[in-house]
Amino acid sequence: MTDQKKVVEILLNMAKVLEENKEFLTDLDNVIGDGDHGINMARGFAEVEKQAEGLEQKDIGNILKTVGMTLVSKVGGSSGPLYGTAFMKAGMTIGAKNEIDMADFLGALEVGIEGVKARGKSTTGEKTMLDAMVPALDAMKEQQAAGADAKQVLEAGVQAAEAGVEATKPMVATKGRASYLGERSVGHQDPGATSFTLMLKEIAKAY
Ligand code: ADP
Ligand code: MG
């Protein structure tokens, strides 16, 4: 089981890793976008970090909803609204709980991913964050159904997300700014798929 304190701890670790990878993510976005993905993600999670003390007083659903609203309002670019929607939908799904288990997490991630698809009018195979999110969720659901423990489930998710990032390299971008490049986007990994994988790794490290 995971309580509010641990959720906030994980969010702070995400803020740290996104700050550490600000340049890396921005460099990736420089190649196929406008070079701001690292800046966007680091800025959004720096705001989350500022709210950390207040967050611990909330239930887990409200923590995630607050993070989502912060990302939507503080992050320019498409990733803010997309990740923001994912966190808000995940928070609504979890609701007023002070503890969650793996089934709650996977259910919330699933609804969050549906939120990204709806908001982004996107699906897998278009060289976006979804190409890491969807395979990660599928792998975790499979492990969960097979009776694996939280650590094994999350490690399978990280592996699938990493493979998903690799799989974005040969893809032609058809959504977001990278789609302006068309065929020239081939050969480069997607920044958003990369940032999702970094965030999922921080969740996995906590178990
Ligand atoms: P912007 O593209 O507005 O500059 P960012 O650079 O912060 O925003 O984020 C770019 C990332 O957002 C991409 O790498 C991709 O993963 C993701 N993305 C962009 N458009 C979509 C979409 N329609 N659906 C899903 N993900 C998207
Ligand atoms: Mg960008």
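Here is a short tour of a predicted model, stop by stop. Residues count from 1 along each chain as written, while chains are lettered from A and ligands numbered from 1 in written order. Local features need pLDDT of at least 70, side-chain atom pairs count only at pLDDT 80 or more, totals for chains, interfaces and linings use all residues, and side-chain values use heavy atoms, with hydrogens and water left out.

**Stop 1: the metal**

Select ligand 2, the magnesium ion. D29, D34 and D36 coordinate it through OD atoms at 2.0 to 2.2 Å. Donors here are N, O and S atoms within 2.8 Å of the metal (3.2 Å for Na, K and Ca), and water is not among the atoms, so the site may look incomplete. Click on D34: its relative accessible area is 34%, so it is partly exposed (buried is under 20%, exposed over 50%, partly exposed in between, with a 1.4 Å probe and protein chains only).

**Stop 2: ligand 1**

A side-chain N or O atom of H37 is 2.9 Å from an oxygen atom of ligand 1. S122 puts a polar side-chain atom 2.6 Å from a nitrogen atom of the ligand, and R177 has one 3.2 Å from a ligand oxygen. On its own, ligand 1 exposes 560 Å², and the protein buries 93% of that (Shrake-Rupley areas, 1.4 Å probe).

Color the helices (DSSP runs of H or I, at least four residues, numbered from the N terminus).

**Stop 3: two loops**

Jump to G187, in the loop between α9 (150–168) and α10. G187 is partly exposed, at 48%.

Finish in the loop between α7 and α8 (130–145), where K121 sits. Most residues other than glycine have a negative phi. K121 has a positive phi of about 45°, and K127, in that loop too, has a phi near 65°. Buried or exposed, what is K127? K127 is buried, with a relative accessible area of 1%, whereas K121 is exposed, at 66%.

Note on methods. Polar contact = N/O pair within 3.5 Å; in protein donor to acceptor, adjacent residues only side chain to side chain.
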